[in-house]
Amino acid sequence: MRIFAVIAFAAALASGADLRPRAAAGWEGFLPGTWVKLQVIFHQEDRRVAISIQTTRLVKVGEKTLSLERVNKNALGMVQTIPFEMPRTGEAGEGERETGTQNLPDTTFRLGKAELACSVRAITVATKTGKRVITFWESADPQMLVRKKTEHFDASGKRIGVEEVKLESVGEQVAIKGGSIACSRYKMESIQGNQRNTGSVLMSRNVPGGIVRMEQDKFIDGKKHSTQKQQVTELVVRQ
């Protein structure tokens with residue numbers, strides 16, 4: 001197993017490899033009829049575990065937007081269908097606009113024994129209640145997102161929250177129905193007010209939506225409140 005992990009790591013870091021997350025929250029580049037099914041487990045402290053199935057399907061690819069449909073089915077058989085759209089490119093959502101991009105000094109990022117040269121850029125998005133600044137650290141060879149930091153500001157310019165993901169490993173294999181998927185593992189942390197979320201996510205650009213497996217703990221005032229887990233169980237890809 002250790003030898004396999006080393007080989008997978010080396011293959012993932014091979015020159016020319018593209019491990020970047022796809023645009024449009026992981027859906028850009030797929031065709032209509034693509035879908036992914038996730039098992040979602042939510043456990044709030046001192047309460048029963050809630051399990052649901054979330055199926056997201058790409059319905060239409062427009063010139064500037066993607067049309068999707070999400071179906072949530074809980075353990076009681078209750079079904080909720082949510083249609084939604086997202087822009088194919090950029091960081092601005094509905095009612096938002098990008099106001100500028102700043103190229104920052106290059107840096108390096110250490111991943112195991114490898115040291116990756118990275119470019120850094122920050123995008124500012126005007127929101128309905130203030131702004132957010134998203135900073136990307138990206139390796140060119142292989143092509144990877146190694147770090148992403150999102151800072152939220154209110155209308156007065158005060159920072160009210162921050163989210164960060166940081167690459168921990170590449171080439172990790174996750175078994176799903178019909179085979180396995182090579183993933184990149186990221187550490188996640190977000191802080192807003194008295195709430196803190198921390199965990200890890202395994203991602204692959206070959207999976208619609210990007211997320212293959214995720215586990216996250218929520219803390220309120222320093223006390224653990226809940227745990228959420230997501231796991232891909234099935235998918236159909238059309239490209």
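A polar contact here is a pair of N or O atoms within 3.5 Å, with one able to donate a hydrogen and the other to accept it. Keep that in mind for Arg132. And note that this is a predicted model.

So, Arg132. Arg132 sits in strand β7, residues 130–140. Buried or exposed, at 15% relative accessibility? Buried, because the cut-off is under 20% and Arg132 comes in at 15%. A polar atom of its side chain lies 2.7 Å from the backbone oxygen of Glu91. Arg132 also touches, beyond four places in sequence, a set of residues including Ala92, Gly93, Glu96, Thr150, Glu151 and His152.

Next, the nonpolar packing. In soluble globular proteins, nonpolar side chains tend to be buried together. The largest nonpolar core here has 20 residues. Which of them touch the most other members? Phe109, Leu111, Leu116, Met144, Val146 and Leu167. Strands β5, β6, β7, β8, β9 and β10 each give two or more residues to this core. β6 gives the most, with 5 residues.

Take Leu116. Not counting residues up to four places away in sequence, Leu116 touches Thr107, Thr108, Phe109, Leu111, Ser139, Pro142, Met144 and Val146. There is also a second, separate core, of 18 residues. Among them are Leu38, Leu68, Cys183 and Val212.

Cys183 is buried, at 2% relative accessible area. Cys118 is buried too, at 3%. How many disulfides does the sulfur distance rule give? The count is 0. That rule asks for two cysteine sulfur atoms within 2.5 Å.

Note on methods:
Residues are numbered from 1 along each chain as its sequence is written. This is a predicted model: local features need pLDDT of at least 70, side-chain atom pairs count only at pLDDT 80 or more; totals for chains, interfaces and linings use all residues. Side-chain values use heavy atoms; hydrogens and water are left out. Helices (H or I, at least four residues) and strands (E, at least two) are DSSP runs, numbered from the N terminus. Buried means under 20% relative accessible area, exposed over 50%, partly exposed in between (1.4 Å probe, protein chains only). Contact means heavy atoms within 4.5 Å. A nonpolar core is a set of buried Ala, Val, Leu, Ile, Met, Phe, Trp, Tyr and Cys residues joined through side-chain atoms within 4.5 Å.
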